[in-house]
Amino acid sequence: MTAETAVRMPRRRRRERVNVGRVIMLALLVPLMGGPAYILLVNAFKTQQDIQSQPFGIPFDRLTLQPLIDAITSPEYNVVASYGFTAAIVVVVDVICIALAGPAAYVIARSTSRKTRLLMLYFLAGTFIPGAAMVIPAIYVLRTLGLVNSFAGLVLYDSATTLPVSIFLMVGYIATVPRDIDQAASIDGAGRLRTFWTIIFPLLRPAVVTVLILNSIGLWNDFVSPQILLGPSSDQYTVTTAIYTGISQYTTDLTKVFPNLLLAVAPVIVFFLYMQRHIISGLTVGATKG
Amino acid sequence: MKGKGIWRRVGAVAVVAGAASMVLAGCSSNGSASASADTAKAESAHLRIIVNISPNLTVAYWNKLFAKYEKAHPGVTVKLERTGTISAADKLNQDLAAGDPPDIVQQVTPSADTAKLFTDLSKESWTKKTPLVDNYKINGKTYLVGAGEQVQSLVFYNKEAFTKAGLDAAKIKTVAQFTKAMGKLKDAGYVPLQTAGQWVTGSQFTLFNDSTTMTKTPDWIKKRREGDVTFAGDKDYMKSLKAYKSWVDKGYLQKSDLGLAYADGQTNFLEGKSAMYIMGSFFVPAADQAKASDDFGVFSMPTTGTYPTKQFSNIADPYVVVKQSKNQKAAISLVKWLTTDKTAVGSELAADGNFRKGYTYTMSSLGKGVQKIVDASPGGFVEAADEQPLPGYSTELNSQIQSLYSGSTPKQVAENLDTWWDSQTQ
Amino acid sequence: MGLANAVIADARSPRTRSGEGAAARKRNRRLKDTAVSLGMAGPAVLLYSALMVVPVGVAIYLSFTDWDGFSDAAFIGIQNYTHLFTDPNTTHSMWVTVLIVIFGSAFQIGFGLMYALALRQKSRTNSVFRALTYYPHVISALILGFLWNAILGTKGALNTLLAPFGIGPVGFLFEQNLALISLIAVIVWAGFGFNVVLFVAALQTVPLELIEAAEIDGASRWQINRNIVIPMIAPVVTVALILSLIGLLRAYDIVVSLTGGGPAGSTSTYAYVILAQSFGSTKIGYANAQAVFLMIVSAALALLVTALRNRSDKAAEGEG
């Protein structure tokens, strides 16, 4: 702490010179980044006329909760109703992903053979597969498996897409866990699978958190796979597909557009504010290591 | 996303033809009775149906209509399947790809290639009394049946704007007169002609051009398919493009309207911001709903050829039964009800401003105006079967027409359309 | 697979000099170990293979056919691939995508770097600003597109704001070129904050002594950034670049909601053409050829960038 202040001290003077540029840069951020969020928030509580005549204004005496209530109670394309379904996808995929990626990463990380490294490459190649475009052929595979247009099919497909990066991150982390720990467990008579789940896995907490955050945000926001894999007969909507399906119905009715968009982003924003530090470090690690 | 609109709307033109054929059809009012009689004994089934959702035909509208059917047919449930922002045809393709097609689809016009996907309804005798059924036959077989007909070679106008500009709608018969009228409307402070983005731009051009072209050369599209004509080489087609381009250049059409959704554009016109609007008969119920139908009038599409032109017609609320459906009997019963039952048909006609001989509903003054045009027209033309353009054409045309707003010349557009067409049939 | 695990097991059970019985026991254990390895990695391999790798195979297979989704498919050789370059819609979408990839990633990296340098110090204000640049990254691109559509549209918030000044409506979304610029701007807006955070994390690992030393030598701020700081975080910049390139190559969600590919197809990206046009039509074989081509291009691009980086790393090492 003191060392840091000491280091910073001499620079303070110099920084003041260039401050103008920095202040302008940061000042620009406020309208550019804050503006859209402000528009979204404010207009969700206004009447159609107020939105159209003064999209940036706040007519305090005419603010209303009605559009939001209408959106929450709407019988169609109800975004709030889709929270549960979307959350179910997120949870199930997270569980499958960790359950499968963890042991696989352990086997890969603890192997010294070149062939097992090839296995890592095999998984890594998956990051080059453009998920959106490969959904189309994936349909035919799911169809053969009898899983088309089902929750199970969607969840399995999503899990498969999360494996490459998840395994890669966990392999990297397991490599930092000393092998002595495994050996000690093995002397105690624990099998490898048990060793992994009871001894190693608890040590992977940071990596697991990273994987969970990466996957959860990605899945919550995913549009293509639920749009295409979740068939019409399933009648289930995720947040994104509910918005997408609904918006064609009410493009001109801004008292529906804004509240619904607000409801769609609210959970992620709350999650983001609450877990900001973890999310940022999680996504950063995910990006640089993945 | 854009594509569907055009042919749906173009389809509406078929309505006109339908209306025209009302005169010949002389059909029936007994459909409903027999329909409900035999569906009543249909076994229980869970039916899924893709329908067209529009400002007139809302989800709530369809659900209400289907609820009526369910009530009369215990054991049968009908579930509406939403298409999001894509067309019914695109939706059906997706569902087929996913191996989970619905039982019935509305607004998909079978072609010779796709006919095998649908159930052959030729044996069903009731289909013979449905409107325009012969125009949509493929190799002599009936796959598609509809509830009514739409007409689309129409120009709606704002009466107040016409009064202010000193115009008489009855005197606008040629494209030159139409163009001149737009000048006067502009001087009077109006946006002369309303358009919009999405599929509307290309669709309006189709309505404008094809009314002349198809009246003169009824098999024009077939000829294009066979390479006997080209867009760039067709004098009438070029005339239409040039006229349209001149409207863009003179500011009669507003570039900013390309940023509007279909419903937004229509709202502008209904609110009196623009003076004229090329659209099918389905504009009538929209105006009725806004309680504004008396403020608007309608005239037949101006032409460079003989006036009046034939009406761009299409079948309204057309249904096909998907061959893969496991509920064939129940699905056919529902389609029969939707296309022959008095109440169902009446409701569908009224909801979208369509016509059918023998089925009436209370029409507004605007609706009657359309009816008059239909009665005076020399018939209708339908762009189906052999006269159906290549799949994807409406999307491409829409793009090309929109490009006229940003500098493309009529010649470039026509040549691009030819290039595109030929690339699809390589 | 089995082989690979056997080898793993082999490597981890060093031979002992014990007797026959022990050797047999060892062998048994090794077999059991192999089985366990297989059991541990197997499910992941199986799921990944079935739903990621096999579809690629299916796509490649279908890309050589004229399958329409329901009729019998016929092999048509590379016709779908040649059609990629003769179909005006597809070639146009390639150009649109190339522009998005080039300008989108350049600005995402550029702004990311600029703001990372401005916000690198640890402070409360800075972390608020970082969150401000970053938050769109956690929101679905589809929803951001709808939001920006409500802002930039003909009747959108911005045009309403400008109207009283006699400006507009500005064709943010209805002028062909401007619509593409708007699309790129929204993409940059949504994505540069991620790079800010990424680069800030990297910048914080740059030893302060280095900067101090340079300052004492009288180097300007720009010189320090240019010659010391940026080279040190170059590996992270490369990663960010690859992520940007690959991500933008696949731009789809935001196109759907912001412009729907219009006007006049001016914002139809390659992925949009695949999913919204080809898949929606009956050209399944063609759609798969488009998808396979996209996969090849993204892999090639990622490998190219990595190779370039490795080369420059080696060059740097050579210097040092």
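Start on chain C, where C:Trp95, C:Val98, C:Leu99, C:Ile102, C:Phe103, C:Phe107, C:Phe111 and C:Met114 make a nonpolar surface patch of about 760 Å². (Patch residues have over 30% relative accessible area and no salt bridge, with nonpolar side chains joined within 5 Å; areas use the Shrake-Rupley method with a 1.4 Å probe; a salt bridge puts a Lys or Arg side-chain nitrogen within 4 Å of an Asp or Glu carboxyl oxygen.) This is a predicted model, in which local features need pLDDT of at least 70 and side-chain atom pairs count only at pLDDT 80 or more. Residues are numbered from 1 along each chain as its sequence is written, and chains are lettered from A in the order in which they are written.

Helices are DSSP runs of H or I with at least four residues, and strands are E runs of at least two. With a relative accessible area of 47%, C:Ile102 counts as partly exposed, that is, between buried (under 20%) and exposed (over 50%).

Further along chain C comes helix α9 (residues 208-216), whose buried residues are C:Ile211, C:Glu212, C:Ala214 and C:Glu215. Their arc around the axis is only 165°, so they lie on the same side of α9(C). C:Glu209 and C:Ile216 are exposed on the other side. Just after α9(C), C:Gly218 has a positive phi of about 85°.

Now hop to chain B for an open, mixed sheet of 3 strands, ordered β4-β9-β11. β4 (148-151) and β11 (380-382) of chain B each have a single partner strand, so one side of each lacks a neighbour in the sheet. Pairing takes at least two DSSP bridges; β9 (residues 311-316) of chain B and β11(B) run parallel, joined by 3 bridges. Here B:Phe312 stands opposite B:Phe381 in β11(B).

Methods: Heavy atoms only, no water. Patch = residues over 30% accessible without salt bridge, like charges linked within 9 Å, V, L, I, M, F, W, Y side chains within 5 Å. Buried < 20%, exposed > 50% of the residue type's maximum accessible area, 1.4 Å probe, protein only. Arc of directions from axis to C-beta.
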